[in-house]
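Hi everyone, thanks for coming. I'd like to walk you through one model today, so please have a look at the screen.

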Amino acid sequence: MKALSAINSTNPCLPNTHFLKVPIFHPFFKFNPFSQPYNVHGHAANRAHKLPFTISCKLKSSRDVENKGKSVAQKIVLSEASPPPLTEDDVTNGDTGNVPQSSKKKKGGPFGLLNMLRRKTLQILSSLPLAIADMFAAAALMALGTFIEQGEAPDFYIQKYPEDNPVFGFFTWRWILALGFDHMFSSPVFLGVLALLGASLMACTYTTQLPLITVSRRWSFLHSAEAIRKQEFSESLPRASIQDVGTILMGAGYEVFLKGPSLYAFKGLAGRLAPVGVHIALLLVMAGGTVSAAGSFRGSVTVPQGLNFVVGDVLVPSGFLSSPTEAFNTEIHVNRFYMDYYESGEVSQFYTDLSLRNMDGKEVMRKTISVNDPLRYGGITIYQTDWSISALQILKDNEGPYNLAMAPLQINGDKKLYGTFLPVGDINSPDVKGISMLARDLQSIVLYDKEGKFVGVRRPNSKLPINIDGSEILIVDAIGSSGLDLKTDPGVPVVYAGFGALMITTCISYLSHSQIWALQDGTTVFIGGKTNRAKMEFPEEMNLLLDKVPEIVESTLPKQADSISG
Amino acid sequence: MVFSTLEHILTHISFSVVSILISIHWITLLLGNEIIGLYNLLKKGMIITFFCITGLLVTRWIFSGHLPFSNLYESLIFLSWTFSIFYMVLCFKKKKNYYFNTIITPSILFTQGFATSGLLTEMHESFKLVPALQSHWLMMHVSMMILGYTTLLCGSLISVAILVITFQELIQIFGKSKTFFFFYESFSFAEIKYMNMNDKKNILQQTPFPFYSSYRNYYRYQFIQQLDRWGYRTISLGFIFLTIGNISGAVWANEAWGSYWNWDPKETWAFITWTIFAIYLHTRKNKKLEYRNSSIVASMGFLIIWICYLGINLLGLGLHSYGSFTPN
């Protein structure tokens, strides 16, 4: 089982070591098929290593018919475009950031101490077990936050989690109130865990992932068959030529680099780099979330149809960075609130017709908002979130109209119920009786007489009077009020940028970074390769590709060379 | 009621076909023979199931006029539909892995069974969309979430399988004792499973007895490794869907509810699920945390998906209440 774990794990530090040893490939691409001899012997490598070249599309192997074409030609352009500026001479200079870092360490004095402290902190923060433990902690706290009722008064917790009967034998209201779990998602404990997560994200991105970019952008050759055989996938092809292997790999979408008898090819480099992007995107989201928390305003208001309010009166700052803008002086007038219904009578949508007026009373904007279709003006967003019935307009014996205020009634379940009461007879008597009117929505009003008996149902605007206890009641209109949520959130653009980046980089991360090394040793080609994610598919793909490599019979060697140059 | 009759027929056909498929899977698993006819039967059966469920979804779509994502029943049907898509994709792949399908088939049966069980009967008639659901984001968010759940469930079930197979070693670590005899019995099943893999290679039969155990160990190790790698790929894919689903949900919430994140229980649990699978992906990066640890994490993820998908709805908490058990 130990062997399994060794194969499974990808150790990001591993490439570092052999990159040091391997002479870095000169990125000077010259297509020069004639000057390049068809090397099959190992000793020619020394002579040839100043003349590196990549294989062109003209290179055709005898059996490889499918792999010719445009994609191959494009690949060459690609590989020419991205050579890292490294030559054999500046191995020491170009060798990542490690070298200057170690020289810094040697400096003494307070700076050295500070530096060491900084390195130590980074090392601790970027450790994987810490990050994993931290994620577990965050998940556990969030789960706890959904089980403990949030935002209730302290008395609620004292009753629900009494000390004489603690949950799990220890968990009482003292814990909840001391740790701030009654408002979990803004409690210092939870925010601390998130901050630690953010810090460890940053440290990991800085110390592990960013260096990975410079390392993995480089290509390296393996010069011994032994090293190639050690790879996760390895194969030896007798009587094959490395050029053929290169062409086939190129046709399969690999970037191929050839130097003498050695070949290096890779594919899906983006898949190795994308996790860096994922981490940066997450940091963006976290930063945006912080801006949201510190710099936004929110507020909600229930406005009866026909009334108005000023934005600045409703909005409440949520953090220390919240600062009001010019748009806060806007006055909003609710022109109309109405609902659409399905044929079955269920509400299909709520609509509020809003007019925005500036300081001078001039209308600057008018829009009918609904759920899923908010209004945006000057950084302020207005959402349709709730509704209620504010009043009933009735005619009693053709007198009026009277406005009767509706009050919400407490019933079980979420369904809303509003009621009002029209006194009949002597209003000053201690037990005043009257007509009760109940409404679930703006469609129909149920009327009861003063004995509490059901009389009938009327629709507003139906112009159909109803006779109750000798008086004629006509319901003219039911006036709704619109429940609006208002907010300004400067964090949204940042968060959305993070979201977009997160989606793209997560998708790219699925790509597997495959690396292939090959070495021509006599007539045998040793091929080894590894990949970081698609470990199941990679050997299959390799076997398929290597099946296409043509076998060379000694006598046909000159012909092969001809076809290369042609 | 043409609609309800049609729906009834389609549900029953798909349900019975899936139960037949499961028995075939068990038979092939236990006998370990590669009977081509049986595999073709499996494939055809799943195609029938797939078209039944597709028909079910399409009829609901036509008759209700909106995408069939509006309540728990519909989302469960959609879940089993994505499971069957998964099965089909694997069937038509060049390299077959039937052990993967063995995991998927019971999943279809369970989701389908749960959806059509008496528990949710009031929900069978389709409902009108409540105002908050009338958005183009509905398709993006729900389909991505369900796709993510399906993929992650498959992946984490593979991890559960790894744990079951390697449980023997865990016990060996704790010391052999008679009390574990029962467990050994149950492991014999797992052994049969990986021995079937051996049969496929046709090596086992040719091997003389003394080498049997070492070969067995080798294939056992290979089998676990294969499972592990498949699980990893599946979970990575599911993680993409889950990420997109969560993000589209957040963007939608910013349109409908006034904030991209409300710490609503469903949201929170979706985030917990995401965190758990992020932990899974990170455990793979560490050499010390070998496959067993990552399998444990993925198995936790399996439970958490169900809490997120059903548990929160069961409690009917928060703004996602239209997914709950009681019809609104």
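Let me start with a question: is A:A405 buried, exposed or partly exposed? A:A405 is partly exposed, because 13 other C-beta atoms lie within 10 Å. For the cut-offs, with C-beta atoms placed from the backbone, buried takes 20 or more other C-beta atoms within 10 Å of the residue's own, exposed takes 12 or fewer, and partly exposed is in between.

Before going on, a word on what you are seeing. This is a predicted model, where local features need pLDDT of at least 70 and side-chain atom pairs count only at pLDDT 80 or more, while totals for chains, interfaces and linings use all residues. Residues are numbered from 1 along each chain as its sequence is written, and chains are lettered from A, with ligands numbered from 1, in the order in which they are written.

Back to A:A405, which sits in strand β12 (residues 399-405) of chain A. Helices here are DSSP runs of H or I with at least four residues, strands are runs of E with at least two, and both are numbered from the N terminus. Beyond its neighbours within four places in sequence, A:A405 is in contact with A:A391 and A:T420; contact means C-beta atoms, placed from the backbone, within 7 Å. Now compare A:D244: it is 161 residues from A:A405 along the chain, and their C-alpha atoms are 88 Å apart.

Zooming out, chain A has 18 helices and 21 strands, and 28% of its 566 residues are buried.

Next, a sheet. Five strands of chain A form an open sheet in the order β13-β14-β15-β16-β17, with antiparallel pairing. β13 (407-408) and β17 (454-458) of chain A are at the edges with a single partner strand each, so one side of each has no neighbour in the sheet. Inside chain A, β15 (residues 433-439) and β16 (residues 445-448) pair over four bridges, where pairing takes at least two DSSP bridges. A:A439 stands opposite A:I445 in β16(A).

In the model, residues 124-148 of chain A are 88% helix, with end C-alpha atoms 33 Å apart.

Finally, the partner: 45 residues of chain A are in contact with 43 residues of chain B. On the chain A side, the largest share, eleven residues, comes from α8(A).

Note on methods:
Contact = placed C-beta atoms within 7 Å.
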